[in-house]
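User: Hi! Could you walk me through a few helices and a chain contact in this one?
Analyst: Happy to. Let's open it up.
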Amino acid sequence: MDFLILNEGMPLLSVLIFLPLVGALIALFMPSDSTSRIWALIVTSINAVLSFSLYSGFDVSTYKYQFGEHVSWIPAWDINYTLGVDGISLLLILMTTLIMPFCVLASWRYIEKRVKPFMICLLIMETSMVGVFAALDFVLFYVLWEAMLIPMYLLIAIWGGPRKVYASIKFFLYTLAGSVMLLVAIIALYLANAPHTFSIPALMGQQYSTLFQLLVFGAFFLAFAIKVPMFPFHTWLPAAHVEAPTAGSVILASILLKMGTYGFLRFCLPITPEATIRLMPYILWLSVAGILYGGFTALAQKDMKKLIAYSSVGHMGFVTLGIFVLKTQGIEGSLLQMINHGVTTGALFLCVGMIYERTHSRELSTATGIGKQMPVFVTFLAFFSLSSLAFPGTNSFVGEFLILVGSFAKNKIVAGAAIPGAILAAAYMLRMLQKIIWGGTNNPQITIADLNTREIVTLAPFLVFVFWIGLSPAPFLDVMHTSVAHLLDQVNSGTAALAVATILP
Amino acid sequence: MKLMLFAPELLLLLGSLLIFLFSLTDEDGRNAKNTAIAVAVGTAILIFSGLNNNGDLFLGAYRVDLFSQLFKLMISLGVTAVLIFGRELKDITDDIRPEYYLFLLLSALGLMMLVSSIELITLFVALELSSFSLYILVPMRSDQKGLRSQMEAGIKYILFGVTATGIMLYGMSYLFGLTGTTYLVDMLPRLTGLIGEPAAIAGIAMLMCGFLFKLAVFPFHFWVPDVYQGASNETTAFIASVPKLGAVAILIRIVMMAAPEGTALINMMVVLAICSMFYGNLSALVQTDIKRMLGFSGIAHAGYVLLGLMTFKELGYATSMYYIFGYLVMNLACFLVICKVSKSGENVNVKDLTGLHKRSPVLAFTMAVGMLALAGIPPFVGFMGKFMLLAGALKAGQLTLVILAAINTAIAIYYYLSVVKVTYCDNPDGHADLHVDFATKALSVILVIAIIVMGALPTQVLAIATSAVQSIM
């Protein structure tokens with residue numbers, strides 16, 4: 001257990017995981033829709049406030065997992081309930097807990113029927129999402145990873161748009177089919193170690209044979225690449241995004257997609273370093289393909305949600321690019337970009353949801369020229385769009401810049417090939433902005449109300465983060481330095497052993 | 001007190017005799033129903049209170065130990081559940097209801113005796129008591145449409161069943177010839193030297209046939225779809241869940257005889273498991289009758305159970321037990337919904353579940369949990385069982401089998417999910433609301449909680465299953 005710094009006092013991570021679940025159980029007995037709304041807001045807010053102590057208590061000088069908890073769960077298989085946070089997962093957990101109250105707020109009027117089950121689904125989602133990022137036992141991770149599918153499926157399938165059935169089933173099947181081999185890989189890893197263990201940190205830095213690493217990496221990659229989603233595994237994403245209710249889209253874009261890239265960082269790199277190095281060139285080019293493909297496809301969209309969904313494919317391409325260049329700047333940029341994408345794309349989906357609540361359409365053509373009637377709204381939209389295209393001064397600029405620095409240090413051709421993606425992002429975001437703000441007055445809608453206080457409160461924190469990370473990223477980068485350095489050490493020592501092995505007869 | 005060892009079975013027997021008396025008088029089955037429920041509950045309580053009983057009966061042919069008591073407990077709980085949610089017996093005419101309860105209890109009695117039998121003839125008698133009662137239950141369905149599909153199902157069931165039993169008897173004769181005894185306890189040491197012999201392997205394999213038939217493993221599955229479809233919903237609920245417990249119990253006992261060096265037997269089980277999983281899941285994909293679909297899914301699940309048996313390890317057997325207990329609970333949850341959705345006892349199509357979430361939220365939730373649990377999604381019991389089976393099989397070196405089983409999980413999710421889809425995504429359009437009585441509601445909540453708790457906290461169940469397996473090793 002030397003990798004884990006056990007938590008003294010209150011088991012903070014368990015509280016963060018189980019508070020929403022308890023809240024969901026209590027919500028079952030809530031009498032009316034409005035009380036369950038308020039209740040969900042209270043629970044998610046308490047969780048968000050509690051999670052701040054995660055940041056304040058975090059020790060940036062160690063790569064070890066902090067706030068650790070370790071309880072035996074299934075002794076017959078040596079499966080434990082092990083939790084811990086390091087510099088890689090800390091910001092993701094914080095983002096999850098901070099975004100959830102705004103998901104509740106965004107659903108305040110959007111969800112009109114069956115509010116109580118909706119809120120219960122949201123709360124269960126939060127439990128499994130925080131759990132996935134905090135789990136340090138592979139079985140615990142897998143249970144939470146899969147359990148998440150059910151509430152997310154219901155969020156899309158019940159409260160979704162016209163093609164919700166197709167979108168929800170596609171989402172479920174894709175994700176599940178991707179992760180069945182993950183389960184086999186987990187068991188194979190368990191058996192490959194002596195003594196057998198499901199502890200994720202204990203599985204890292206072991207000497208596995210090349211073939212074994214490649215197979216395990218393949219299983220990991222399939223599961224995580226679908227979740228990210230990387231080109232060409234992305235086809236479930238636009239469907240799911242378009243049909244999901246606003247809160248569902250925000251959760252999908254901000255948090256669920258990050259689980260794929262988190263999986264790469266947490267499992268692929270440290271557990272199978274040799275396979276990572278061997279397969280790196282292919283994955284880099286897949287990332288570039290995703291960046292360009294996402295950009296071009298977004299440029300052609302008429303549906304705003306689809307546009308943002310395809311832009312996500314491009315942005316997540318940058319994230320995987322940064323991870324697999326295996327440079328400090330690249331990985332730190334990727335981690336920061338994961339947060340940025342969560343903030344910016346989440347906010348953009350909220351914006352589209354607010355238009356949809358007013359015009360009941362997500363078509364760009366029906367939203368043209370609403371800038372005149374909604375000045376406050378388009379101010380927000382403009383800043384989020386600028387952030388999405390990585391305008392200097394906003395958060396995404398820092399992330400993409402770091403990723404590109406890392407990429408150029410690694411491979412100039414790959415990095416050069418990704419550059420047009422940044423231009424494409426400007427093209428499709430400005431196209432959307434131009435239509436919405438100055439798109440002429442042929443809009444049949446007569447009067448559209450501007451944002452109310454609740455909606456401004458929903459969007460404002462996102463804007464704060466856009467500029468905070470954009471102008472002063474140090475507090476965010478500081479927490480990840482040690483863990484990222486340790487991660488790269490693990491990859492390098494794994495490959496150093498490879499080099500020695502090839503020299504020896 | 002040797003009598004106390006046999007008390008649960010005696011209670012069931014006396015209850016059956018009482019119901020037999022009711023069947024002689026002219027009554028509508030209400031007394032028979034209440035008696036049956038009371039007897040089933042009483043049996044469950046008796047078994048639970050004597051869970052740690054130990055002892056031999058009937059010249060050593062009948063053994064009561066933790067292993068048998070555990071299975072008996074699950075059998076009696078399963079029967080109780082079926083009696084409670086199926087107590088309307090919508091598709092059984094009033095005049096034969098006492099007989100229906102009589103044979104249902106006798107079948108349960110046969111199963112309970114089966115799991116305690118450690119002598120081949122006793123085993124055979126117990127199995128036949130249970131099977132013949134079931135053969136009679138199937139055609140008891142009233143002939144609403146005049147198609148006589150229940151008769152077809154009954155005939156198929158008995159023909160396939162008798163054939164499987166015949167093969168089993170033939171296998172028994174081999175084992176008797178080789179060892180000169182019908183007692184499993186004596187047979188075990190005498191077989192150790194012979195286990196590599198083709199005759200011994202053939203004998204054990206054929207002996208297994210009778211129980212593979214009950215479990216509906218691949219080449220013995222032909223009865224499943226038609227019997228599930230032809231029998232009334234309540235009967236199918238019973239056939240689909242409870243007899244499989246008995247089959248797994250005896251299969252564990254048989255497989256133990258072949259351990260640790262039955263390579264041929266392992267290979268046989270691997271092939272059967274793969275065939276069952278693929279056949280069951282691929283066929284289930286295209287079913288519209290939900291009972292048929294669950295039948296095919298049951299074939300696939302039988303394949304999963306073999307994964308635990310073929311490890312020849314204590315933990316493997318325990319995992320199989322855990323899985324079949326979980327399967328019982330998941331299956332009962334699904335059949336509870338089927339029995340309640342069916343208005344007058346007719347078969348339920350997937351379409352009939354349309355908009356169930358509005359017509360009856362409790363039933364819809366139970367159905368969704370049952371289906372997703374069968375599909376093996378965490379945190380439900382189906383996932384934990386499947387996970388441990390896969391881990392055990394991989395530990396035994398069966399990588400191909402494990403990968404194929406994992407692929408099957410992905411195939412299966414589609415048809416389970418499509419049921420969840422119609423219950424939750426569609427509007428009722430025209431389908432009437434359903435009234436669910438309190439007992440059924442309570443039972444569904446209990447089943448759902450059991451599915452979740454067994455899945456999230458499997459340690460206790462696994463520990464008691466392990467010590468049960470140890471008690472017979």
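User: Let's start with α12 of chain B, residues 290-309. How many residues does it have, and how far does it reach?
Analyst: Keep in mind that this is a predicted model. Helix α12 of chain B has 20 residues and reaches 29 Å from its first C-alpha to its last, close to the 28 Å expected at 1.5 Å a residue.
User: And is α12(B) mostly covered or mostly exposed?
Analyst: Mostly covered: 20 of its 20 residues are buried.
User: Nice. Switching topic: at what angle do α4 and α5 of chain B pack?
Analyst: Helix α4(B), residues 97-116, and helix α5(B), residues 120-137, pack at about 155°, with their axes 8 Å apart. Since angles over 145 degrees count as roughly antiparallel, that makes α4(B) roughly antiparallel to α5(B).
User: Which residues make that contact?
Analyst: On the α4(B) side they include B:Tyr100, B:Phe103 and B:Met113, and on the α5(B) side B:Leu123, B:Ala126 and B:Ile136 are among them. By class, the contact has 15 nonpolar, four polar and no charged residues.
User: What's the handedness of the crossing?
Analyst: α4(B) and α5(B) cross in a left-handed way.
User: Okay, now the chains. How many residues does each put into the contact between A and B?
Analyst: Chain B gives 27 residues and chain A gives 27 residues. On the chain B side, α16 (381-395), α17 (399-424) and α19 (459-472) each supply at least two residues.

How values were computed:
Residues numbered from 1 in each chain as written. Chains lettered and ligands numbered in written order. Predicted model: local features only at pLDDT ≥ 70, side-chain atom pairs only at ≥ 80, totals over all residues. Axes fitted to C-alpha atoms, helices over the stretch in contact; angles between N-to-C directions. Helix = DSSP H or I, 4+ residues; strand = E, 2+ residues; numbered from the N terminus. Parallel < 35°, antiparallel > 145°, perpendicular 65-115°, else oblique. Left-handed = near helix turned anticlockwise from the far one by under 90°. Contact = placed C-beta atoms within 7 Å. Nonpolar A, V, L, I, M, F, W, Y, C, P; charged D, E, K, R; others polar. Expected span 1.5 Å × (residues − 1). Buried ≥ 20, exposed ≤ 12 C-beta atoms within 10 Å, placed from the backbone.
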